[in-house]
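User: I have a model open and want to go through parts of it. Can you walk me through a few regions?

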Amino acid sequence: MAAKITHCLTAFLALCATPALAVPGGGNNNDQDVYDYVIVGSGPGGSPLASNLAKAGYSVLLLEAGDDQSADIGTRLINVGSTSNANRWGFYVRQYGDDTQQQKNNHLTWRRADGTLFVGNGSSAPADATPLGVFYPRGATLGGSSVINAGVTVLPSKSTWDEIWRKTGDRSWSGDNIRKIFTRIERNHYLPPGTLGHGFNGYLDINGNDGEVYSRSPGILSVFKSMISSIGGNPNNALTDVTRDLNNPSPSRDTTQGLFGLPFHANQTWGRFSARTIVLDTLAAKKPNGSPRYPLTLKTNSLVTKVLFDRPRNKKPRAIGVEYLEGASLYSADPRHTSSNTGTKRTVRARKEVILSGGVFNTPQLLQLSGIGPKEHLRQLNISVLVDLPGVGSRLQDNPEYPVVGIAKDNQPFFTTPIPGEPDCFFGFGPPGVPDPCIDLWYQGLGPYARPASNTNAFMLKTNYSTDGELDVLVFSLANFAFRGYWPNEAVVAIPPDPLGVFGFSIVKINPISQAGTVRLRSTNPQDTPLINFEMFNTGADEDLGALAEAAAWGRRVYGGVEGPTGPMTPTEPPCAAGTNCFAGDKEWAKDQSFGHHATSTCAIGGDRDEMAVLDSKFRVRGVDGLRVVDGSAFPKTPGAFPVLGTFLLSEKASVDILADARRW
C-alpha cells in the first residue's frame with residue numbers, strides 16, 4: 001500500500017510573511033484627521049467592530065501597526081501556515097517569577113555573544129549566552145493573531161459568559177445570549193443546514209472534519225479507539241465520534257467527555273478565514289457610482305503611542321483621539337525593526353470614542369503609557385497618573401499546555417493513504433524556490449490543502465481537579481509530531497528531533513486557576529516591549545498541575561491500550577518507570593515543560609466592587625469617558641481552551657453595546 005507520512009505540524013507553527021499588498025483607504029470622511037470612532041488594532045476584537053460601526057454609518061479609522069500580508073499564501077491556508085517573520089511580533093516573556101524555575105524550561109531563548117539565538121534550558125545553554133525569555137509570537141499584521149494562529153474555533157463554556165453576568169449584573173452576558181450572537185455570525189460548513197444552535201448565513205466561516213482523513217489513517221484510528229475505551233466508550237464508534245460537533249448546544253456539552261471533531265475558522269475549501277477578511281470585504285464594498293459603500297478607513301504601519309484626553313473641570317477625563325507613529329516595523333518586537341525606525345508622529349481625533357483592540361500585551365501597555373494603570377508603577381517611570389487602575393496589566397493568564405508523548409510499536413510511522421494521482425505537498429516546508437504542486441490544486445478547490453487535516457480532533461476530559469464539575473482538559477492528537485511550543489525560526493534548538501513513530505497528545509488546561517501574571521512598562525518609549533511575567537502556577541498550582549499530571553497518567557494508559565500493529569505504544573514523556581506512581585514527577589515535568597500561547601485578561605471586565613476591574617460590562621474603561629477596550633484582555637478569565645472564537649464574539653457583543661450608546665447621543 002502506498003503510504004504518505006501524515007503532516008499536521010504546520011497548522012501549529014504559522015508565524016510569518018512576504019511583501020505586503022497595498023490596502024486601499026476606505027471611507028468618505030471629509031476631515032481626514034477626525035473620525036467618529038478610532039479603533040486601535042485589527043485582530044478579532046477590532047476588525048468586526050470597525051466593520052459593524054462603519055456599516056451603521058459612522059466614520060471609522062482602523063489603525064494597525066503591522067502591514068497587510070495577504071500576498072503570503074501561507075496566511076490564506078489553514079493547513080499550511082506561514083513561516084515568514086513579517087506577520088508576527090516576537091515577545092520574550094517570563095513564564096515564571098522564580099529564576100531557577102525559569103531556567104528549567106526547555107523553551108527558554110538565549111542570545112549568544114555573537115548575536116545568534118539558542119533555545120534550551122539553563123543546563124544546556126552555552127557559557128556566553130544571556131537569557132531573553134520564552135519566545136511568545138503575536139500576530140502583527142492586518143487581522144492580528146487570527147492570521148497566524150492554528151485556527152481552532154471552540155466555543156467557551158456557557159458558564160464562562162454566565163460568570164460575567166454574575167460579576168456585573170448585566171444579563172446581556174448570559175451564555176444563552178452569547179449563543180444567539182454565535183448563531184448570527186457563524187457560517188457553518190460541517191453540519192446540515194438548520195442544525196440547532198448553529199448559523200449558516202453569517203460571516204465567520206467554520207469548518208470541521210467528515211471522518212474521511214481518518215478512514216485513510218489506520219494508525220491514528222487505533223489510537224482513537226484506545227482513547228474511547230479509556231472512558232468506557234465503544235471503540236467501534238471512533239470514526240463517527242471524531243466527527244461529533246464540539247460546539248453543540250446540548251445542556252451537557254460542558255461536562256461530556258469523549259472524542260469530537262475539532263473545528264477551525266476555515267471556509268469550504270479550508271482557506272483561512274481571519275479578521276483581515278472582514279476588513280478587506282468592507283473596504284471593497286462599493287456604491288453603484290464606484291465610491292466606498294461604508295465610511296471605513298484603514299491605516300497600516302501605524303503604531304499608536306498614546307491616548308489623548310480632554311480634562312474638563314469637575315468631570316472625568318474624556319478620550320478625544322490618539323497619537324501614533326507612521327512607518328514600517330516601528331515596534332521593537334518586529335524582527336525587521338532597527339534603531340533607525342523612528343517613524344513620523346501623527347495625531348487623529350475621535351468625535352465619539354477611542355477603542356483599544358491592540359491585544360493582551362499592547363492594550364495595557366498603551367493604557368499605562370497614557371497614564372491609566374497602577375499608580376505606583378506609573379510614578380516609578382515619572383508618568384503623570386490620570387487614573388489609578390491597579391487592574392491594568394494584572395491578572396495575566398494563559399492555558400498551560402504540554403505534550404504527552406508515545407512511540408508506535410517498532411517505531412513505525414503513522415501514515416495516511418494518499419489519494420491516487422495527487423502530488424506530495426510541501427505543507428510549508430518545501431525546498432526554497434520550488435513551487436508547491438498543491439497550491440494550484442487548492443485554487444481549484446482540490447487536493448490535500450482543500451480538505452481537513454489529521455489534526456481536526458479533540459478529546460475532552462474532566463479530571464478529579466476540576467473545580468466546577470466541568471471539563472478541564474482538551475487533548476488534540478498529532479501523528480509523527482509532538483508540539484512542544486514556539487521558538488524563533490533562526491535559533492539553534494537543543495530539543496532533539498522526534499524519532500519515527502512519535503505521537504503527541506497536546507494537553508491543554510481549560511479554565512486555569514493561575515492568574516497572577518503581569519504586563520508592566522519596560523520604559524516610557526512606546527517602541528519598547530513591556531515586561532511580561534506570566535507567574536505560571538504561582539496560584540492554583542494544585543488544581544492546574546494536578547489536572548495536567550492526571551492527563552499524563554491517562555495518556556500512558558491510552559498508549560498501552562493501542563492494539564496492533566500500531567501498539568502497544570511506548571510512552572516516553574513525561575518519563576515514568578513502568579509500574580510506578582509518577583504523579584509527583586508528572587506535576588514537576590508539567591511545571592517545567594508547559595508553555596502557553598493564549599494570553600488573556602490584562603484589562604478585565606468586572607463588577608463595580610471589584611477594585612481590579614478595568615472595564616465595566618459595556619467595555620468602558622473605568623474613570624474616564626470615551627474610551628473602551630475590546631480584545632482578549634477584557635476577559636475576566638481565559639475563555640475555554642482557545643480564545644479566538646470568544647474574541648470574535650466579544651467584538652460582536654461590543655458592537656451592540658457601542659451602537660446602543662451611539663444612538664442615545
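**Strands, a helix and a site**

Analyst: Starting with the strands, β4 and β7 run antiparallel and are joined by six bridges. Bear in mind that this is a predicted model.

User: Which residue in β7 does tyrosine 92 stand opposite?

Analyst: Tyrosine 92 is across from phenylalanine 135.

User: And what is the strand order in that open sheet?

Analyst: The order is β4-β7-β5-β6-β21, five strands with mixed pairing. β4 and β21 (492-493) are at the edges with a single partner strand each, so one side of each has no neighbour in the sheet.

User: Is β4 largely enclosed or open, and why?

Analyst: β4 (residues 88-93) is largely enclosed by the rest of the structure, because five of its six residues are buried.

User: How many bridges between β5 and β7?

Analyst: Four, and β5 (residues 108-111) pairs with β7 in the antiparallel sense. Within that pairing, threonine 109 has glycine 133 of β7 as its bridge partner.

User: Switching to α1. How many of its residues are buried?

Analyst: Eight of the ten residues in α1 (residues 46-55) are buried, which leaves the helix mostly covered. The buried ones are Gly46, Ser47, Pro48, Leu49, Ala50, Ser51, Leu53 and Ala54.

User: New topic. Which residues does UniProt list for "binding site"?

Analyst: The unreviewed UniProt entry lists Asn149, Ala150, Gly151, Val152, Val304 and Gly632. They span 484 residues in sequence and the farthest two C-alpha atoms are 29.3 Å apart, so they do not all gather at one spot.

User: Where is alanine 150?

Analyst: Alanine 150 is in the loop between β7 (130-139) and α3 (158-168). Valine 152 is found in the loop between β7 and α3 as well.

User: Are alanine 150 and valine 152 buried or exposed?

Analyst: Alanine 150 is buried, with a relative accessible area of 11%. Valine 152 is buried too, at 2%.

User: What is valine 152 in contact with, leaving aside its neighbours within four places in sequence?

Analyst: Valine 152 is then in contact with Leu262, Pro263, Phe264, Phe642 and Val644.

Notes. Residues are numbered from 1 along each chain as its sequence is written. This is a predicted model: local features need pLDDT of at least 70, side-chain atom pairs count only at pLDDT 80 or more; totals for chains, interfaces and linings use all residues. Side-chain values use heavy atoms; hydrogens and water are left out. Buried means under 20% relative accessible area, exposed over 50%, partly exposed in between (1.4 Å probe, protein chains only). Helices (H or I, at least four residues) and strands (E, at least two) are DSSP runs, numbered from the N terminus. UniProt positions are given in the numbering used here, feature names are shortened, and annotations may be inferred rather than shown by experiment. Contact means heavy atoms within 4.5 Å. Two strands pair if DSSP finds at least two bridges between them.
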